[in-house]
Structure formats: C-alpha cells, structure tokens
Amino acid sequence: MNKRWLYILLSIVLFLAEVLIGAFAHGWLRKYFGDVLVIILMYTMVRSVLPRIRRCGLLPTLLLIFCQIVEGLQAWGFVDKMGITNHLLRILIGTSFSWIDVLCYGIGFVPLLVWEIFAVRYPKRKATL
C-alpha cells in the first residue's frame, strides 16, 4: 500500500472517530481527546494530498500554528463578529476559546513530530544486493 492510501485510510478512521466522539462521548473523551485527535486528522488529510513533504516537522508545526490561530479567532469572537449563523460552520470554527484546547493541540503535535522524525526523515530504504 502506498503512503497516500495509508493516509487516506487513516483520515477516514480518524474522521469517524471524531464523529463518534462528538455524537456519543462524554467527559474527558469528548472535552480533550477529540482536540488531540483533530490535529492528527488534519495531518493525515494533508498527507493524503501531499504525501511527499520532506522537511521534517514542517507540516506538524504549520498545523499547530493553524490550530492556535483558530483558537485565537475563537477568543476574539470571530463567528459572532462576522455574523456566521450556519450551524456547521459555527461547529467547525468553534465559538469559545480554551487554553485546554491549545494544550490538547500541543499534545497531538508531539506524536506527529515523532512520526515525522522516524517515518519522514528516515524512511525505509529498499535493500540493495
């Protein structure tokens, strides 16, 4: 299986996990684990489209910055100030800032960085005779 299909499969599984967490989970699983998984989901989605980004740590870092910008927009009240009333957009963008969310994105960033170090920087080399 090539890397693109692996990332597509992982994206589907993570997306379904996020939907199930959003629909049925309670407590810490809903409050925190969904935010940890969302940065990993975004990573697999981008990798399924752009599997050959080689600069180690670049993609996870950009995604962490993106997540922090979104949290900053939530702190500013972006959806209300822009008059966004679409329910799905309000859910996707978010309506309330939380330092815990920022921490959860950072926690999700760590395994991505480790993955990048071992899978992207040092990919398996084909054996030569």
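**Figure 1. Surroundings of Ile39 in the predicted model.** Apart from neighbours within four places in sequence, Ile39 is in contact (heavy atoms within 4.5 Å) with Leu63, Leu64, Cys67, Tyr105, Gly108, Phe109 and Leu112. The model is predicted: local features require a pLDDT of at least 70 and side-chain atom pairs a pLDDT of 80 or more, whereas totals for chains, interfaces and linings use all residues. Residues are numbered from 1 along each chain as its sequence is written, and side-chain values use heavy atoms, with hydrogens and water left out.

**Figure 2. The largest nonpolar core.** A nonpolar core is a set of buried Ala, Val, Leu, Ile, Met, Phe, Trp, Tyr and Cys residues joined through side-chain atoms within 4.5 Å. Buried denotes under 20% relative accessible area, exposed over 50%, and partly exposed the range in between (1.4 Å probe, protein chains only). The largest such core has 17 residues, of which Ile39, Ile40, Tyr43 and Leu63 touch the most other members. At least two residues of this core are supplied by each of helix H1 (3-24), helix H2 (27-49), H3 and helix H6 (99-121). H2 gives the largest share, six residues. Helices (H or I, at least four residues) and strands (E, at least two) are DSSP runs, numbered from the N terminus. Tyr43 is located in helix H2 and is buried, with a relative accessible area of 1%. In soluble globular proteins, nonpolar side chains tend to be buried together.

**Figure 3. The salt bridge between Arg47 and Glu116.** A salt bridge is a side-chain nitrogen of Lys or Arg within 4 Å of a carboxyl oxygen of Asp or Glu, and the structure holds two of them. In this one, the side chains of Arg47 and Glu116 meet at 2.6 Å, N to O. The pair links distant parts of the chain, with Arg47 in helix H2 and Glu116 in helix H6, 69 residues apart. Arg47 is buried, its relative accessible area being 1%. Glu116 is also buried, with a value of 0%.

**Figure 4. The salt bridge between Asp80 and Arg90.** The closest N and O atoms of Asp80 and Arg90 are 3.2 Å apart. Asp80 belongs to helix H4 (residues 78-81) and Arg90 to helix H5, so the pair ties together parts that are ten residues apart in sequence. Asp80 counts as exposed, at 52% relative accessibility, whereas Arg90 counts as partly exposed, at 24%.

**Figure 5. A nonpolar surface patch.** Trp28, Tyr32, Phe33, Ile100, Leu103 and Ile107 make a nonpolar surface patch of about 600 Å². Patches are made of residues with over 30% relative accessible area and no salt bridge; like charges are joined within 9 Å, and nonpolar side chains (Val, Leu, Ile, Met, Phe, Trp, Tyr) within 5 Å. Accessible areas come from the Shrake-Rupley method with a 1.4 Å probe, and for residues only the protein chains shown count as cover. H2 and H6 are the elements that give two or more residues to the patch. Ile107 lies in helix H6 and counts as partly exposed, at 44% relative accessibility. Tyr32 is eleven residues from Tyr43 in sequence, and their C-alpha atoms are 18 Å apart in space.

**Figure 6. Phe15 and Met45.** Phe15 is found in helix H1. At 48% relative accessibility, this residue counts as partly exposed. Phe15 and Met45 are separated by 30 residues in sequence and by 9.6 Å in space, C-alpha to C-alpha.

**Figure 7. Context of the close-up views in the whole chain.** The secondary structure comes to six helices and zero strands, in the order α-α-α-α-α-α along the sequence. Along its principal axes, the C-alpha trace spans about 65 × 30 × 25 Å. The chain has 129 residues, of which 33% count as buried. Of the contacts with a separation of 6 or more, 65% are between residues 24 or more positions apart. The chain exposes about 9000 Å², and carbon and sulfur atoms supply 71% of this area. The mean pLDDT (the predictor's confidence in each residue, from 0 to 100) is 88 for the chain, and 91% of the residues score at least 70. Among the elements, helix H3 (residues 58-76) has the highest mean pLDDT (94) and helix H5 (residues 87-93) the lowest (83). Where pLDDT is low, the predicted coordinates should not be read in detail.
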